[in-house]
Amino acid sequence: MSDSTADRHPTGHRVVVSQFGETPLQAVEEHMALVEQPALDPRSLAPTDVIVAVRSAAVGWVDLLMTSGQYQHMAQVPYTPGLEYSGTVVSIGSEVDRVDVGDDVIADGFLTGPRSAGAHRQYGGFATWALAPQEALIPLPPTLSFDQGCCLLGNYETAWHCLVARGRLAAGETVLIHGASGSTGLAAVHVAKLVGATVIATGRNPDKLDIVKAQGADHVIACKGSDGAGGGPRFRDEVKVLTEGRGVDVVYDGVGGAISLESLRCVSFGARFVIVGWASTPFVARGKGQRGAPNANQLPTNLIMMKGIDVLGSPTLISTVMDPSIRTERLATVLDWARSGQIQPYIAKSYSLAEYKTAMRAKWASEHVGGCVIHPGEPG
């Protein structure tokens, strides 16, 4: 074990979710609190456990949904949110051989924190200190900052799984990416360009789309309007012009709702329609951790049939749990891209730990392009 002692790790603070809310915003306001975090004692570490001083924690859409139990994986309350974080190793157990004190690392949210199983579920990144098993820690690529590191795995693994493994996106094809200004959507833009595809990116805010274009999208479409008759957004004509009438080969849909219907009018015959999420209709499931989906989205089977569309559900986490072997190539590719400098997550805003409510409200309102993060070491 490291020679670190308990008095080297002063008392810190952590955010705690005490119970599920009816909605994420209710949970943020009524069931979350910033509390004192007693120092983790290095002398009590399990042989393969590691104490990490958290430098940056991503504020993710999943972090919000989990607070109301509306995510596919139920956390165990009470817990500290923050699926993904980065930081510096400060103490190690007696059998740790993968990291050492002083190493900068990123935490793998599959293997530690509130989305994981086992003994480390309560230790999310919205805290001064996190406890993780050594196998959950990956060296921070030297090309990335702490902020970028904590926004790497979940976003880019999701984009790779959905676009490459499920969508079979190939060089020379055209992909329509919805919600492109979000953290996962912007990662999808980056991944699609690395694959060699042409990207048409959509969003509601022209200023945000300017950043998306600067980040690599070939074309952007602001799809906030409607047909004037109470219908949803209309962008089919613009997509058809950009594709010279052919339509797109792949749709990356993390938005759902009316966006999905219009997207089906924008595809070529035999296109792949990849369902990534439904951010525009977050209350598909009941709140407070109840199961079922009384407000499920729907797609028109006539359009799907007549255009020969492959509709592909793409739950990255569930797919990986069902078959862990699918992650090997994905994780290696994402890390290789990061280490070579080909991936640079875009971080729009950072908050102190005391500002966690402001940060989570901002994420819910989609105020920022790309990632926003919390710095647990900064005073409020």
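## A salt bridge to begin with

R234 and E262 meet through their side chains in a salt bridge, at 3.4 Å from N to O; a salt bridge here is a side-chain nitrogen of Lys or Arg within 4 Å of a carboxyl oxygen of Asp or Glu. This pair links distant parts of the chain, with R234 in the loop between β10 and α7 (236–242) and E262 in helix α8 (residues 258–263), 28 residues apart. Helices (H or I, at least four residues) and strands (E, at least two) are DSSP runs, numbered from the N terminus.

How accessible is each partner? R234 counts as partly exposed at 35% relative accessibility, whereas E262 counts as buried at 2%. Buried means under 20% relative accessible area, exposed over 50%, and partly exposed in between (1.4 Å probe, protein chains only).

## About the model

This is a predicted model, in which local features need pLDDT of at least 70 and side-chain atom pairs count only at pLDDT 80 or more, while totals for chains, interfaces and linings use all residues. Residues are numbered from 1 along each chain as its sequence is written, and side-chain values use heavy atoms, with hydrogens and water left out.

## A network of charges

How many salt bridges does the structure hold? There are 13 salt bridges in the structure. One of them joins E157 and R330, whose closest N and O atoms are 2.8 Å apart. The two residues sit in distant parts of the chain: E157 belongs to helix α4 (residues 153–166) and R330 to helix α11 (residues 327–339), 173 residues apart. Both E157 and R330 are buried. Through salt bridges that share partners, D108, E157, R327 and R330 are joined into one network.

Now for another member of that network. D108 is found in the loop between β5 (104–107) and β6 (129–133), and D108 is buried, with a relative accessible area of 3%. The side chains of D108 and R327 are joined by a polar contact of 2.7 Å. A polar contact is a pair of N or O atoms within 3.5 Å; within protein, one must be able to donate a hydrogen and the other to accept it, and residues adjacent in sequence count only if both atoms are side-chain atoms. Not counting residues up to four places away in sequence, D108 touches A136, I138, L153 and R327, where contact means heavy atoms within 4.5 Å.

Helix α5 covers residues 183–195, and its 13 residues should span 18 Å at 1.5 Å a residue; the end C-alpha atoms are 19 Å apart, which agrees. The expected span is 1.5 Å times one less than the number of residues. Buried residues in α5 include S183, L186, V189 and H190. After α5 comes G196, with a positive phi near 105°.

K193 and D218 form a salt bridge through their side chains (2.8 Å, N to O). K193 lies in helix α5 and D218 in the loop between α6 (206–214) and β10 (219–222), so this pair ties together parts that are 25 residues apart in sequence. K193 counts as partly exposed at 31% relative accessibility, and D218 is partly exposed too, with a relative accessible area of 26%.

## A buried histidine

The H178 side chain makes a polar contact of 2.5 Å with the side chain of S263. Leaving aside neighbours within four places in sequence, H178 is in contact with several residues, among them T202, F235, Y252 and I259.
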